[in-house]
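Have the structure open as you read.

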Amino acid sequence: MAKKSINSLPSTTVSPLIGKRRSILFWITLITIICGFLIGLKPDNLFSNNSLKLATEFFKASISPAIDYENPVEGTEPFLKVVVESILITLRFAILVMSVSVPIGAILAFLSTTAWWPENINSTTKKSLLRTLHIIARSWIAFARSIHELIWGIIFITAMGLSTEAAIVAVTIPFSGILAKIYAEIFEEQCKETQSMFRAIGAGYFVSFLVGIIPSALPDIISYTFYRLECALRAAAVFGFVGIETIGYKIKLSSDEFHYQEVWTYLYALFLTIALLEWWGGKIRVSLNSKHV
Amino acid sequence: MSKENQIRRIKELHRNRSKSTIVRFSLLVLLAVIAWSWTAKSLHESLISKEQRSVNLQNFLEKIIPDPTRESGKWSDSLPWVFKNLHDDGGLIAGLMTFGLATTAIWISGILAFMILPMASKNLATHRPLGIMVSNNKLTNILWVIVNRVSRILFLFTRSLPEYVLGFLLLSILGPDPWALVLALAIHNFGILGRLGSEIIENNNSETPKAFISQGSGRFNSFMAAMVPESFSRMLVYYFYRWETCVRESTVLGMLGIASLGFMISEAKAGRDFDKMIVLILFGSLIVILGDILSYWVRSRLRLDKS
């Protein structure tokens, strides 16, 4: 009898040496090593003498960022003024991009989400119209997102020549797509209770979406928009490499002359701007969230 | 309630709604900044005249039609040409290169971020981990504040550097080696993964890690044995989400001069082979969409595991 009861005890499973999590990590690592091998990454290339020397020089410069030109030329504007100006141009570019992308993204998000759709649509024409709009918006978003802003930039610049407008349109296309995708996801994650309550007391579909979904989605939407503004700032810096005179342009010029201390000043300036944005966005988010409590 | 009372009540409710000075102030600043950026002088004085621009555009639109189609007028004739471009000229290999760069880069940043992120999470790197007082030594208290601040700033700093700029700088240091691009992607994503990861740890409210620490376990053990197993799937979800953006980013990094898709695109542009350029761009977009689908599939499976 005693033996039987021991046998019927639930057997505790001994965890295997390579459990599920470890095997996932193992496969990821294996695939990564194969990839590294295929693209020709050689560990000793990283530590070749020449690159080590340049790297130490580069990182040494990080301790003492330049406050004046390393090779001053008479008659040029003071260095720090140039740094501030390039930051302002970068910020302007980012804000121009965002002020176009956010409205377009919001409209695309509205078209691509099902959050405001009536629960049962009677007429088939209405239904198919909504469906087509939905599919068109979704495919446009996927397509716009899948091409990098710099490639859109190259297309527009080769087609129309280098101009600020071309660059802004180029960044706006993928950014409005990404914003639309995230906005739509946020709309769909919200609790539907308020919306259905408004519907029940007779409000229209649009109005009940406006008062039932958007207010609760707002904190998330704002913090994502701030993150995108940060990305727009980085995109603006990158567009310096195709000729718009943002901070990236200055970084390229300084780096081409091996003035690494100047490069670090620009990098720190970019960092401070982004840190400031992050702090501001955090403040807004906290004050919006505390309202709900 | 009479009609008047109703109106009065509505007005009262409206007056008493919650207001936030910071939100209002931010709105004003935002509007002012938008107005400034639209009205200030042009960012780039274009040297090209309007006529030249429309000639350029016409030229471009003519040239993006594939060569065989331009000759015969049939789109089906271009299919072998597309195949030749992608297969014989190395487009497919360049596409694989894009995946390879992204995969290695995200692995490096994942490992590094994982090592630093417990130090950046506010609830662990303090003298009171998870609200439990473990020591009351002034010096160690200050030390923990410094550790936390430094690691957070490290994440923010690396995050603020764009991959493309990093790639450019690293190529000038390391020379034309795939390491430059991999490290560029890895450094930026290290900052992002670290921040996202430390947020996961900060939002972990379960009792197990607390029990660990109150029983005398250290921060590291409590992190490894109680927090990581609980949030493993969520961390992997972020890992794959960043992998997806790495794929997107590495399609352009090649433009800096390493043989990959971006390099072929800029070469086609320089040679004014606009038709080839468009084919390569569309191929790149296909790769990004493939990456998206793959990562979406993995992430949705990971989410299922969690529940």
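What follows covers the interface, then the salt bridges, a helix pair and one tryptophan.

Keep in mind that this is a predicted model.

**Where the chains meet**

Let's start with the contact between the two chains. On one side, 77 residues of chain A take part, and they touch 75 residues of chain B. Put together, the two chains bury about 7000 Å² between them, and carbon and sulfur atoms account for 74% of that area. In chain A, the residues that lose the most area to chain B are I39(A), R92(A) and F271(A); together these make up 10% of what that side buries.

Which helix of chain A gives the most to the side that touches chain B? That's helix 13 of chain A (residues 260–292), with 16 residues. Sorted by class, the chain A side has 48 nonpolar, 16 polar and 13 charged residues.

**Salt bridges**

Over all chains, the whole structure has 16 salt bridges, and the count between chain A and chain B is five.

| E149(A) | R248(B) | 3.2 Å |

The E149(A) bridge reaches over to chain B, where its partner is R248(B). E230(A) and R234(A) both sit in helix 11 of chain A (residues 214–239), and because they are four residues apart there, about one helical turn separates them.

**A helix pair in chain B**

Now for chain B. Helix 10 of chain B (residues 207–214) and helix 11 of chain B (residues 219–253) have axes that come within 9 Å and cross at roughly 170°. From helix 10 of chain B, the residues involved are T208(B), P209(B), F212(B) and I213(B). They meet a set in helix 11 of chain B that includes N221(B), A225(B), M227(B) and E230(B). By class, this contact has six nonpolar, three polar and one charged residues.

**One tryptophan to look at**

Finally, find W38(B), which lies in helix 2 of chain B (residues 21–39). What does W38(B) touch, leaving aside residues up to four places away in sequence? Its contacts are L96(A), S99(A) and V100(A). As for I106(B), 68 residues from W38(B) along the chain, the C-alpha atoms of the two are separated by 38 Å.

Notes. Residues are numbered from 1 along each chain as its sequence is written. Chains are lettered from A and ligands numbered from 1 in the order in which they are written. This is a predicted model: local features need pLDDT of at least 70, side-chain atom pairs count only at pLDDT 80 or more; totals for chains, interfaces and linings use all residues. Side-chain values use heavy atoms; hydrogens and water are left out. Contact means heavy atoms within 4.5 Å. Buried area is the accessible area (1.4 Å probe) that two parts lose on being put together, summed over both. A salt bridge is a side-chain nitrogen of Lys or Arg within 4 Å of a carboxyl oxygen of Asp or Glu. Helices (H or I, at least four residues) and strands (E, at least two) are DSSP runs, numbered from the N terminus. Ala, Val, Leu, Ile, Met, Phe, Trp, Tyr, Cys and Pro count as nonpolar, Asp, Glu, Lys and Arg as charged, and the others, Gly among them, as polar. Axes are lines fitted to C-alpha atoms, for helices over the stretch in contact, and angles run from 0 to 180 degrees between N-to-C directions.
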